[in-house]
Amino acid sequence: MSTQPKTFLTPEQYLAIEREAEFKSEYCDGEMFAMAGAGEAHNQLVANLVAGLHSQFRSRPCRVYPSDMRVRVRTTGLYTYPDVVVVCGERRFLDDRRDTLLNPGLLIEVLSSSTEAYDRGRKFENYQSIESLREYLLVASDRIHVDLYTRQPDGRWLLTSASHLEDSLDLQSAGYRLALADLYERIDLPGFQPNTAVPGSVPHPD
């Protein structure tokens with residue numbers, strides 16, 4: 001029995017399709033992979049990260065981008081959309097469309113049950129080959145926990161973790177001290193009820 005051969009796309013074909021598409025897709029090894037939507041906790045964590053970083057960058061040559069900024073991993077050919085992208089100094093793009101960044105300094109992924117294995121495994125393998133990348137931050141969306149991988153001078157990656165609201169991490173690539181209390185503000189987690197009520201607001205029912 002014969003099987004229908006797969007149709008592989010060149011990076012140029014992928015970009016032509018992607019730039020006209022209504023939804024985002026990653027690209028690797030000639031294939032496009034549609035990206036699933038995200039839940040409330042995931043989106044709020046991304047919003048908290050972008051807001052905190054942006055407030056620190058007003059007088060500095062750093063930019064923070066949410067998940068619509070595509071990143072290309074030159075050595076592996078991966079095109080992907082990290083949840084948060086930070087670059088300080090000169091920004092290098094694939095072309096004049098300026099929608100595909102080549103030199104991130106910090107990449108952040110908010111984890112979910114469907115993406116955690118990929119974000120910790122194969123995706124991180126790809127990210128490690130980005131010469132400009134200094135730090136990779138993984139943020140749990142089902143509990144209070146973050147893992148920060150920092151590239152060392154000898155090329156190894158040092159892991160630093162934090163799991164309490166009183167904790168904070170120094171994101172040296174961005175010159176930003178990340179307080180977990182700020183990161184997890186307004187995040188509804190089992191057994192976690194932070195004091196985040198807005199005056200005059202109506203509590204969300206359990």
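# A predicted chain, its sheet and its disulfide

User: What is the accessible surface of the protein chain, and what share belongs to carbon and sulfur atoms?
Analyst: The model is predicted, so local features need pLDDT of at least 70 and side-chain atom pairs count only at pLDDT 80 or more, while totals for chains, interfaces and linings use all residues. Residues are numbered from 1 along each chain as its sequence is written, and side-chain values use heavy atoms, with hydrogens and water left out. Accessible areas come from the Shrake-Rupley method with a 1.4 Å probe; for residues, only the protein chains shown count as cover. The surface comes to about 12100 Å², and the share of carbon and sulfur atoms is 49%.

User: How many helices and strands does the protein chain have?
Analyst: Helices (H or I, at least four residues) and strands (E, at least two) are DSSP runs, numbered from the N terminus. Counted in this way, the secondary structure is five helices and 13 strands.

User: In which order do the strands of the open sheet of six stand?
Analyst: Two strands pair if DSSP finds at least two bridges between them. The pairing in this sheet is mixed, and the order is S3-S6-S8-S9-S10-S11.

User: Which strands stand at the edges of that sheet?
Analyst: An edge strand here has a single partner strand, so one side of it is left without a neighbour in the sheet. The strands in this position are S3 and S11 (157-162).

User: How many of the five residues of S8 are buried?
Analyst: Buried means under 20% relative accessible area, exposed over 50%, and partly exposed in between (1.4 Å probe, protein chains only). Leu 106, Ile 108 and Val 110 point one way from S8, Leu 107 and Glu 109 point the other way, and all are buried. S8 is therefore largely enclosed by the rest of the structure, and the number of its residues that are buried is five.

User: Which strands of the sheet does H2 touch?
Analyst: Contact means heavy atoms within 4.5 Å. The buried residues of H2 include His 42, Leu 45 and Asn 48, and among the elements that the buried residues pack against are strand S13 (176-179) and helix H5 (180-183). On the sheet, H2 touches S3, S6, S8 and S9.

User: Which cysteines does the disulfide join?
Analyst: A disulfide is a pair of cysteine sulfur atoms within 2.5 Å, and the structure holds one. One partner lies in strand S3 and the other in strand S6, so the pair ties together parts that are 26 residues apart in sequence. With S to S at 2.1 Å, the cysteines joined are Cys 62 and Cys 88.

User: Is Cys 88 buried, partly exposed or exposed?
Analyst: Cys 62, at 7% relative accessibility, counts as buried. Cys 88 has 32% relative accessibility, so it counts as partly exposed.

Methods: Axes fitted to C-alpha atoms, helices over the stretch in contact; angles between N-to-C directions.
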